[in-house]
Protein chains: 4
Amino acid sequence: MSDLDDILRDLVLANRILAHEGVVDAYGHVSVRNPTDPRRYFISVSRSPELVTRGDIVECALDGRPLRSEQRPLYLERFIHGAIYEARPEVMGVVHSHALEVLPFSISPTPLRPVLHSAGPLGHRIPVWDIADRFGDTTLLVTDMTQGRDLAERLANDRAVLMRGHGFAAAGRSVREVVRLAVNMPRNARVLLDAIRLGGPVKGLSAGEIDRRLEMRPDGNEFYRAWEYWATRAGCADMLADRPRSVAVAKPAAPPAPARKKAAPKKAAKKGRR
Amino acid sequence: MSDLDDILRDLVLANRILAHEGVVDAYGHVSVRNPTDPRRYFISVSRSPELVTRGDIVECALDGRPLRSEQRPLYLERFIHGAIYEARPEVMGVVHSHALEVLPFSISPTPLRPVLHSAGPLGHRIPVWDIADRFGDTTLLVTDMTQGRDLAERLANDRAVLMRGHGFAAAGRSVREVVRLAVNMPRNARVLLDAIRLGGPVKGLSAGEIDRRLEMRPDGNEFYRAWEYWATRAGCADMLADRPRSVAVAKPAAPPAPARKKAAPKKAAKKGRR
Amino acid sequence: MSDLDDILRDLVLANRILAHEGVVDAYGHVSVRNPTDPRRYFISVSRSPELVTRGDIVECALDGRPLRSEQRPLYLERFIHGAIYEARPEVMGVVHSHALEVLPFSISPTPLRPVLHSAGPLGHRIPVWDIADRFGDTTLLVTDMTQGRDLAERLANDRAVLMRGHGFAAAGRSVREVVRLAVNMPRNARVLLDAIRLGGPVKGLSAGEIDRRLEMRPDGNEFYRAWEYWATRAGCADMLADRPRSVAVAKPAAPPAPARKKAAPKKAAKKGRR
Amino acid sequence: MSDLDDILRDLVLANRILAHEGVVDAYGHVSVRNPTDPRRYFISVSRSPELVTRGDIVECALDGRPLRSEQRPLYLERFIHGAIYEARPEVMGVVHSHALEVLPFSISPTPLRPVLHSAGPLGHRIPVWDIADRFGDTTLLVTDMTQGRDLAERLANDRAVLMRGHGFAAAGRSVREVVRLAVNMPRNARVLLDAIRLGGPVKGLSAGEIDRRLEMRPDGNEFYRAWEYWATRAGCADMLADRPRSVAVAKPAAPPAPARKKAAPKKAAKKGRR
């Protein structure tokens, strides 16, 4: 089972990576479920992801209440995370982002869909949630569990949901997987937008191709290559020092969860990589 | 009431942030009204915002004359600021920018409007001012109070006005609020442009949603999160050292001004944030 | 008359600025005419502008031959510069660039025209030169004076000429002026392209507005503000140490050349600026 | 004949340059054929190109098996390289990239074609390979020699082939030449996309112009200028210390290969450049 230190180190790294890759900016956040207690998740207090350090991480119950008395302000929209963890037992990591490349698809009738192999894990459907459908005129922010649950209901069993005029939420089987989804989603959106502009029918991934990508394991060497690269670019190579290969992957509680490979011993992994 | 040192520190920070976030470049400027004397405002001498330091800030009367004898050249277009302060008692900060993302909407019949939740504070209308309508063939620069007043008249009670083929001017209830407006405006423009290219009707914010966003306070934790982030990115984290929370907010001289929260003591704010 | 050291320092700065602002990359170049002998110009040997230092600058006759025996390779396309200096006595600086934002207008029937106030100095017409019209199938490079003169002929009395599928050449009354033109041209192209995409008629600068911009002096405080900013961004603030205000401006040899202001003494300029 | 140390230094540089110029990111790779044994090629183990060092380079047979026992994971898609080397004796360097600017052309009926002089070496045809045509629903990755050979067959005698929803593969007569192709390809794609958006017919390079560009030598001063610039930007100027001018150019085994110039002695080259 994954060690808590590794989990939290990955969460800090996830914050820095998402910021450096332009997926989040002053706003947006990422969380990881507590692998030893699925009724809890870890998330930063209200800070921009680029500035998040280990000391900013707090643990919350699924309803958004911090487990320890906390005087620092929390993210107003943390209910996005808890509501998705509540509805989806296999989900271990959640990202909320306002990435500009994705947003046009949240306010247009043109659906976002995977056209790049790397976006295959976004799955067969990327629904759009409009907060106004049920809550009328709001600030568009998800500020309580009722709104969070409505969003999670629209997400259903998919990997990502667009939030009209606001951003998206993505769910993964590990924090590394959801970071990967969140990095690839804006790239896929940009290429789709440009292909539409070229005119003529755009060839997206077939249903079978999406299935092949969904079957890929959310760890392994190919995954690690990107994680190492992103961490290095974000100036956090030192946080890779022990090259942790263990990833919080859910027990096969739901259909899309893959068989879990026994994590390689760290020493061997280190030697193998160098 | 806000301390003058905090005001001027925020103004220097505003210059650096706007430059680093790409809202201004060699040109463009930002000012803050003197909270103790509404007939005066602070602005840099003629320097690019990225290079502005405390020593570059001077105080001007609303008509653009510096209060102290000044040998350094001043911004040619400072009349934009004075004219808006003159017409709008509740406005405490003004930004003038040439951001490229916004400019297409200044030369096209397609109106700019809020489609992102973060752009809701831009309000119900973003008018376009064409200097040629009243002044004929000019350099397009606003070089005296007559032109500045014409611009302010077109702005009327709105938050931002596009200047045809030139840029925009935005007005806020504090320098931090107007910086926020100015950062979000190009992002909103980019997303709207891309959504239009996707084809089909684009869903913008509803009138009620814009009202909800206009009601939000121009300070508070969510605001501070972005301010801290932008300042850090701009290399000015040290200017946040005492984490000032007080913001120059106008007394409720006009309808949209919100009730003013008592500023938290600095010590408590500092402890709470760490 | 301008001092040669200032001229050459400005030329090195021009190289660095154009590189840092993304106007040139591995290729592209900038030159300045020798103010004391109009039959000669200064240009770097064959190096990317970002890497150019004082020692890379050589002096060439208008036909492209170096004045001193030179073993280092020269730019293949230096004939662009000589041919324009030959045809246009008032031109003191020339830039050749492959800026990507401008290139679409060189291969499309849609003409590039000034829509931004800062692009007004591009003038009433920006012709497109197609090397194939006279020279058939080539590498598209301007590799001798015959081709250079054909390009200069197409430029005629304008400020900039697009080169089909290749780039542009711009001409100014000083190296600083032509740098400014070259920086603003891609920005104008980008805004025009985006405005066209919005649909509906695009409002460009009127003929009278272009004239007002053409009349502006190619020096002065507003010009210096950008020069200081660009140099600082390019990491060359130290090259501004003595804050040179003198600029190589041509004697009024041709209609568009403005009256020349007496350069302020350096000491006074320095004091005034700080 | 080229020295192996120079070849490998160039390969590390190629990795860094492609990463820094945005042609590859976490994924994508570059290889060079062993000039002394055409049945082998050099490539990094599975690392992101920006992080590749000399110690990461391994030698593989054309079928993708490493020549020495190797415990580190290799690139899953290295078969792209071997299959192209197998089919094309004159090819000495191969790049595989996911550059976002190129991808729209891989999923749209609009063909990519050279419109910029610098993209002339892409040749008369840039085919699109759709892995589904022969292999049905896959992950879109090229994971064995059968798939690699199918890709190489579609590439045929051309310089680059798009891979539907995935990226492109490019082939050159030296690693420097293929880096150059790979850098110019996204730029050409971007300009073509923007020109199409402007409307009206887009004028690309003529067949004769493409031939003129294809005839240009893949080394020489003009080539070196870009190599020096890219290496410096990537922070690898020190790897240019001995300014190697020798490039692995194939013996004229195939029609498009140019006559090979005798490499200048290093000492002379160094003196001439400084």
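Predicted model: local features only at pLDDT ≥ 70, side-chain atom pairs only at ≥ 80, totals over all residues.
Figure 1. Together the two chains bury an area of about 3,500 Å². Carbon and sulfur atoms account for 57% of that area. On the side of chain C, Tyr27(C), Leu100(C) and Ile107(C) supply 19% of the area that chain C buries against chain D.

**Figure 2. Charged and polar pairs between chain C and chain D.** Six salt bridges are counted between these two chains. One salt bridge joins the side chains of Arg164(C) and Glu209(D), with 2.7 Å from N to O. Polar contacts are found for 14 residue pairs across the interface of chain C and chain D, with both residues of each pair at pLDDT 80 or more.

**Figure 3. Relation between chain A and chain D.** Chain A is superposed on chain D by a rotation of 90° with 0.0 Å of shift along the axis, and the RMSD is 0.0 Å. This relation is that of a four-fold axis. Within chain A, the C-alpha nearest the axis belongs to Arg197(A) and is 5.1 Å from the axis. The two copies use different surfaces, as 3% of the contact residues of chain A recur in chain D.

**Figure 4. Overall make-up of chain A.** Chain A contains eight helices and seven strands. Of the 274 residues in chain A, 66% are buried. Contacts between residues at least 6 apart in the sequence of chain A were also sorted by separation, and 69% of them join residues at least 24 apart.

**Figure 5. Helix α2 of chain D and its surroundings.** Helix α2 spans residues 79-87 of chain D and is mostly covered, with seven of its nine residues buried. The buried residues begin with Phe79(D), Ile80(D), His81(D) and Gly82(D), and Ala83(D), Ile84(D) and Tyr85(D) complete the list. The strands of chain D that these buried residues pack against are β1 (29-33), β2 (40-44), β4 (93-97), β6 (160-163) and β7 (167-172). Helix α4 of chain D is also among the elements they pack against.

**Figure 6. Leu140(B), a residue with positive phi.** The phi angle of Leu140(B) is near 75°, a positive value in a residue other than glycine. Leu140(B) lies in the loop of chain B between α3 (131-135) and α4 (145-155). Leu140(B) counts as buried because its relative accessibility is 1%, below the cut-off of 20%.

**Figure 7. Leu140(D) in its loop.** In chain D, the loop between α3 (131-135) and α4 (145-155) holds Leu140(D). Phi of Leu140(D) is near 75°, which is positive although the residue is not glycine. With a relative accessibility of 1%, Leu140(D) is counted as buried.

Methods. Residues numbered from 1 in each chain as written. Chains lettered and ligands numbered in written order. Heavy atoms only, no water. Least-squares fit on C-alpha atoms with pLDDT ≥ 70 in both. Contact = heavy atoms within 4.5 Å. Helix = DSSP H or I, 4+ residues; strand = E, 2+ residues; numbered from the N terminus. Buried < 20%, exposed > 50% of the residue type's maximum accessible area, 1.4 Å probe, protein only. Buried area = accessible area lost by both parts, 1.4 Å probe. Salt bridge = Lys/Arg side-chain N within 4 Å of Asp/Glu carboxyl O. Polar contact = N/O pair within 3.5 Å; in protein donor to acceptor, adjacent residues only side chain to side chain.
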